[in-house]
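Here are some notes from a pass through the model, for you to check against the coordinates.

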Amino acid sequence: MSKPFVYIAFTLITITVIGLNHCTLRTDRIDYSTQVKPILNKNCLACHGGVKKQGGFSLLFREEALAKCKSGKYAIVPGNAAESEMIARINHHDPDERMPHDKDPLTKDEIKILTKWIDEGAVWGEHWSYVAVKNPQIPDINDKWIQNDIDKFILHALQLNNLHPSSKAEANILQRRLALDITGLPAIKGPSLKQNYSNIDEYIDALLASNAYGEKWASMWLDIARYADTKGYERDGHRDIWRYRDWLIRAFNEDKPYDQFITEQLAGDLLENPSEDQYIATAFHRNTMTNDEGGTDNEEFRVAAVIDRVHTTWEGLMSTTFACVQCHSHPYDPFRHEEYFQFMSFFNNTRDEDTYHDFPVYRHYNPEQLDKLAFLERDLTAKVDKEYKKELILFIKTLQPSINSIACKDFVRCELSDTKFLAMRTNATTTLPKVTLDGKTELIFQTAVSIPGGEFIIRLDHTEGDIIGRWQPHKPENGYWFNVTIPIIPVQGVHNLVFEYKNKKLTNPDEYGIRFNWFYFTKGLPSPSSPSDSLQKVFYELANASVPSTPVIVENPKELLRKNHLFERGSWLSKGKEVQPGTPQILNPFPKNAPKNRLGMAQWMTDVNNPLVSRTIVNKVWEQLFGTGLVETLENIGSQGAIPSNQTLLDYLSWQLIHEYKWSIKRLIREIVSSATYQQSSGVSKELQERDPFNRLLARGPRIRLSAEQVRDQALMVSGALNDTMYGPPVMPFQPEGTWSSPYDGATWNISNYPNRYRKAIYTYWKRTSPYPSMTTFDGAGREVCLSRRIRTNTPLQALVMLNDDVYMDLSGKFAVRVIKSVKGDIDAKISYAYHLATNRDIKSEKLIALKKLYSEATKKYKADQYLTCLMGENEGYNDVEFAALSLVCNAILNLDEVLTKS
């Protein structure tokens, strides 16, 4: 639950907000959302809200507030404040009776507002963020400074506060700012911004068309998606999910409409004939952590993953602290406890079950195998009905809907080894419960055989039941896990299946002879129509192929659907009444004819009347460009979030995104960076520093430190070392030795070969329990859970990283080599060139003098100590005193404020 936000030096900003936001424009009547709700949130709801209802009185919902209290009195009598116990108690002179209890009394103004509000009928209202986005009136204002409608909203706010916008940033400064904001790099190959700004539209379009655009904006999204190359928790083993990262980059570069972008991530598998890319998109919600530690409860961590998906969907995509509602109705916003579990029901019927191999997965075939898959689809179309063909192709692509062996129970001489696999000794039995067998004639299962021989038997319902299948275990020629297909006797209905295993070769009573991963019951394939009919051959070749895979979302079939229950006090062990999938009543209605599944949920979220989705992404984009969102708390735009600095502008851009830009993020970014507001100089006058220290009114351009990824990528580009190869498995650049410790799998950090070690930061291997240290020092996220925004810090450790980390020492050497090769002049020319490369501006005399002094002192030091010179390393054959001293200067340049800061 978000704590109330504390603001410093915000008196002026508060006045501004009153003038800016359409919801705060005063009428004679009291407005609930802007006048009453803040008083209640601050003073009353801790005792009379979703968590506590002292005296039987709650102010969270109107029907509760108007109900009779335990005392028999009514706290609020609409139209009659004099008869309202609430007003009597807040005016009481006895501190034991006065409310709020054990707190300072309300101010006279607060009491006056509450009294008048009740006398006017205690009309409830909705917070602005829960009201559908409407197109606000654009301020009727003219000024030569204005370049688009965004500027009208900003200038109107500035005029209300007797402030003026700043002049336009110099072309070279604006060029670097635009490149960093749009592509994450300080420059791109292509046009430069002309000094007279005459080609600025062309320059912006070139940046948006750059492949680096997708990499920059995907970096932002990876925090929301809690993306990592490992599973998390104690063992934190490796996970191959990088294809999702590549999907993101491509999606941003092709400007996939945002409504489609999130629909595919939430429910790509439920679309009609989903493509491989649409399946990969669902890995968004397979970035949840999986607990591979032995002895854990798989259902507990399956539920934990589902809960994480709920929280990520609401915080990351709708800027709402819905996590509170898991345990009780929201203390401050109108979300009910039951609604949490109605919404959770959308996610509760996916096939993943905290398995070691991260099932379900999408299997990636090579071109030859894809040809076979195409043949299989064509042949099945002619031989089976549409639904059964769909089922068989789903299995070939995902091995679903198989039943994981962790579903077994009633173990005799067998167990779930490490709680992840069924492992059987000789004379063992176990039960796979409630299997639907209607029309099933084959069983495909994945197994690992330690000791071949013996027999595996399947009985119906009990240990003496009819045998419907049997198999004599053998070992494959290659590999450990392999697939086996056996016939089973067809039976009807739902049955418990008893698995029996015997093997006389197992002389050690504690030794496992066989393990199982999953079981898939199927009706089998049509009988061959001729000796040349290759349908069955191709099917089993593909089913048994060892291919790379990506964890994805797959929905349960009807026979495996789970029931959805409310959790009492949020505990998964305390199931309450059964609930059905649904969305909160306070928001837009669920679309008519939409399915009650994740696809319908996505349609509800992207409906034009949903008040949160468009505002959330606009706010995130604004934060990326200006350093602070129009609502500072990106994770919460509800009643406990920060006051918007310009709510009408937020609503205007949100409306435009949906109705004019057709959900195009590139058009949104183009509009913002084309504004005079964005293109202002970032210089800070004494007046602005005093009156608007945090630049909430935007009387100047943004001035913020680069992100962790940008710090690294800029150093790569400036030094000339950048490898701009896109996509593929993660890489391991330089990292201090001993950072990693992976006791379970023995994984180590193996520095990638040249030139992969110089790829962009987005491709760096990300281990949750040990994220890349130089990026976490610059506020990179651990990614155990969704992170809506990074809080920028300034610490001495950041300078230590830039001046000492192997990455930056190595790049400083490459930077020096680039300078030496490019400039034949004296040291002044070399330093000036290096500074311009790093900042896109000419060096001032005082900085040149300081850096030249550093060079001179370093030269003396290195001449006197050859060992120190050698320590600076060798780079492309350079290892003399001049190279060592210039490397040190380049290292200092990379650590300058104007290099690490956007403007």
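Before the points, one convention: helices are DSSP runs of type H or I with at least four residues, strands are E runs of at least two, and both are numbered from the N terminus. Bear in mind that this is a predicted model.

1. Start with the cis peptides. The bond from Tyr754 to Pro755 is cis, with omega near 5 degrees, and Pro755 sits in the loop between helix H23 (708-719) and helix H24 (773-777). Another cis bond joins Gln400 and Pro401, where omega is about 5 degrees. Pro401 is in a loop as well, the one between helix H16 (386-398) and strand E2 (403-404).

2. Now the backbone torsions. Arg413 is not a glycine, yet its phi is positive, near 55 degrees. Arg413 belongs to strand E3 and is partly exposed, at 33% relative accessible area. Asn840, also not a glycine, has a positive phi of about 60 degrees. Asn840 lies in the loop between helix H27 (827-839) and helix H28 (845-864). With the cut-off for buried at under 20%, Asn840 counts as buried because its relative accessible area is 18%.

3. While you're at strand E3 (residues 409-417), look at Ser417, which lies in it. Ser417 is buried at 15% relative accessible area. Leaving out residues up to four places away in sequence, Ser417 touches Ala423 and Tyr512.

4. How is helix H2 placed relative to the rest of the structure? H2 (residues 32-43) is largely enclosed by it, since nine of its twelve residues are buried. Among the buried ones are Tyr32, Val36, Ile39 and Leu40, along with Lys37. The cover over the buried residues of H2 includes helix H4 (85-90) and helix H5 (108-119).

5. Helix H19 (residues 613-626) and helix H20 (residues 647-660) pack at about 110 degrees, with axes 9 Å apart. The 65 to 115 degree range counts as roughly perpendicular, so H19 and H20 fall in that class. Their crossing is right-handed. H19 contributes Ser614, Arg615, Ile617, Val618, Asn619 and Trp622 to the contact, while residues from H20 include Asp651, Leu653 and Leu657. By type, the contact of H19 with H20 has eight nonpolar, three polar and two charged residues.

6. For helix H11 (residues 258-267) and helix H18 (residues 598-605), the axes come within 9 Å and cross at roughly 155 degrees. That makes the two roughly antiparallel. H11 passes H18 in a right-handed crossing. On the H11 side the contact uses Ile262, Thr263, Leu266 and Ala267; on the H18 side, Arg598, Leu599, Met601, Ala602 and Met605. These residues of the contact of H11 with H18 split into seven nonpolar, one polar and one charged.

7. Which residues touch the most other members of the largest nonpolar core? In that core of 111 residues they are Leu178, Trp221, Tyr244, Tyr258, Trp314, Phe343 and Leu653. Beyond its neighbours within four places in sequence, Leu178 is in contact with Thr183, Ile200, Tyr203, Ile204, Leu207, Val673 and Tyr678. Apart from that core lies another, of 54 residues, including Ala721, Ala885, Leu886 and Val899.

8. Last, Tyr227, in the loop between helix H9 (211-224) and helix H10 (242-253). Tyr227 is buried, at 2% relative accessibility. Setting aside residues up to four places away in sequence, Tyr227 touches Leu222, Ile241, Trp242, Tyr244, Arg245, Asn287, Trp766 and Arg783.

Terms used: Residues are numbered from 1 along each chain as its sequence is written. This is a predicted model: local features need pLDDT of at least 70, side-chain atom pairs count only at pLDDT 80 or more; totals for chains, interfaces and linings use all residues. Side-chain values use heavy atoms; hydrogens and water are left out. Buried means under 20% relative accessible area, exposed over 50%, partly exposed in between (1.4 Å probe, protein chains only). Contact means heavy atoms within 4.5 Å. Axes are lines fitted to C-alpha atoms, for helices over the stretch in contact, and angles run from 0 to 180 degrees between N-to-C directions. Angles under 35 degrees count as roughly parallel, over 145 as roughly antiparallel, 65 to 115 as roughly perpendicular and the rest as oblique. A crossing is left-handed if the near helix is turned anticlockwise from the far one by less than a right angle, and right-handed if clockwise. Ala, Val, Leu, Ile, Met, Phe, Trp, Tyr, Cys and Pro count as nonpolar, Asp, Glu, Lys and Arg as charged, and the others, Gly among them, as polar. A nonpolar core is a set of buried Ala, Val, Leu, Ile, Met, Phe, Trp, Tyr and Cys residues joined through side-chain atoms within 4.5 Å.
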